[in-house]
Amino acid sequence: MKVWAALLAVQCTAMVFSDFNPLGPKLKSQTPPKYALTAPTTSTQGYAVREKMLSISGEDFYVEREGGGRAFDIVGSNKVPFGVGGFVLDKMELKADGKLCGSIERRAVAMATAYDIYLKGECIAKIEKDVVSLTPSYKFFYEAENNGNPCYRATGSFSQRKYDIYARDGSEVATIGRQLLELMPDRADTYHVKCAAGVDPAAIVALCLVIDEDHDESDAARDASRKEGTGGDDGGGMFGFFKGPLG
């Protein structure tokens, strides 16, 4: 009895101090998108995004389902001199069960962070950082239905990897954050994604990867500036956790 009570206490503590609030807004089921990169979720589904320990590029990840089993693999390349869409700075291949869902390639010339997603030589989706909104946000478009209104929009505390994703109608369809043990700097290379039913999980993961890459770069630039100003390293996690302002 005492053991069960202790386990319950640990679970409750994890819920309270993690980024996931059990009393927060409930994710709203969606009509599956017509141009999904992979099979949409049929029920609320959780995923764990983890960076591979032996990642040469620093952009190699794997994604596991909450109930067990590999969902996606991401193979990254830094400073790739060319890609499907021409010259690119960064490239990440998103695969499900060994099958390519899309090649996520950073646009070389853009006013703000912008990635194009290619499959079989064709641009099928785009991810862009909003440069005109009052609060920072990232937008995901399917190219076949790109009318200026994104299918998904991410807003929140990106540097902390704690944010939410909304559909066109404003309903919350995914939430991203860390659980209790992952709030520590040495576990900052892991975070969790929870998706509503009817959501394209590959699109959500692609958004997460772009946000992670974008803020890794800003974290590195901020660290370099601090070292120049202080003459030393003020520490921090792999993803820059516990560093800098929100956003």
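## Helices and strands

This predicted model has two helices and 12 strands in its chain. Reading from the N terminus, the order of elements is α-β-β-β-β-β-β-β-β-β-β-β-β-α. Among the contacts with a separation of 6 or more, 43% link residues 24 or more positions apart.

The chain has 247 residues, and 44% of them count as buried. Its accessible surface is about 12,800 Å², with 58% of that belonging to carbon and sulfur atoms.

The mean pLDDT of the chain is 77, and 66% of the residues reach 70 or more. Residues 2–18 have a pLDDT below 50, and this stretch makes 10 contacts in the model beyond near neighbours in sequence. Residues 233–247 also have a pLDDT below 50, with 52 contacts beyond near neighbours in sequence. Where pLDDT is low, the predicted coordinates should not be read in detail.

## The nonpolar core

Now to the inside of the model. The largest nonpolar core holds 46 residues, and Phe 72, Phe 140 and Tyr 152 touch the most other members. Helix α2, residues 201–230, gives this core its largest share, with 10 residues. In soluble globular proteins, nonpolar side chains tend to be buried together.

## Aromatic pairs

The whole structure contains five aromatic pairs. One of them joins Phe 140 and Tyr 152 in a tilted arrangement, at 6.0 Å centre to centre with 45° between the planes. Phe 140 belongs to strand β8 (residues 137–142) and Tyr 152 to strand β9 (residues 152–157), so their pair ties together parts that are 12 residues apart in sequence. Phe 140 and Tyr 152 are both buried, and both are also among the residues that touch the most other members of the largest nonpolar core.

Phe 158 and Tyr 163 form another tilted pair, 5.2 Å centre to centre and with 55° between the planes. Phe 158 is buried because its relative accessible area is 0%, under the 20% cut-off. Tyr 163 is buried as well, with a relative accessible area of 2%. Together with Tyr 138, Phe 158 and Tyr 163 make up one aromatic cluster.

Lys 126 sits in strand β7, which spans residues 122–129. This lysine is buried, since its relative accessible area is 16% and the cut-off is 20%. The side chain of Lys 126 makes a polar contact of 3.3 Å with the side chain of Asp 116. Leaving aside residues up to four places away in sequence, Lys 126 touches Arg 107, Tyr 115, Asp 116, Lys 139, Phe 140, Phe 141, Glu 143 and Asn 146. That list includes Phe 140, which was described above as a partner of Tyr 152 in an aromatic pair.

Lys 120 is found in the loop between β6 (114–119) and β7. With a relative accessibility of 84%, Lys 120 counts as exposed, because that value is over the 50% cut-off. Along the chain, Lys 120 and Leu 100 are 20 residues apart, and their C-alpha atoms are separated by 9.4 Å. In short, Lys 126 is buried, whereas Lys 120 is exposed.

Notes:
Residues numbered from 1 in each chain as written. Predicted model: local features only at pLDDT ≥ 70, side-chain atom pairs only at ≥ 80, totals over all residues. Heavy atoms only, no water. pLDDT = per-residue confidence, 0-100. Contact = heavy atoms within 4.5 Å. Helix = DSSP H or I, 4+ residues; strand = E, 2+ residues; numbered from the N terminus. Buried < 20%, exposed > 50% of the residue type's maximum accessible area, 1.4 Å probe, protein only. Polar contact = N/O pair within 3.5 Å; in protein donor to acceptor, adjacent residues only side chain to side chain. Core = buried A, V, L, I, M, F, W, Y, C linked by side-chain atoms within 4.5 Å. Areas by Shrake-Rupley, 256 points an atom, 1.4 Å probe, with all protein chains shown as cover. Phe/Tyr/Trp six-rings, centres within 6.5 Å; stacked < 30°, edge-to-face > 60°.
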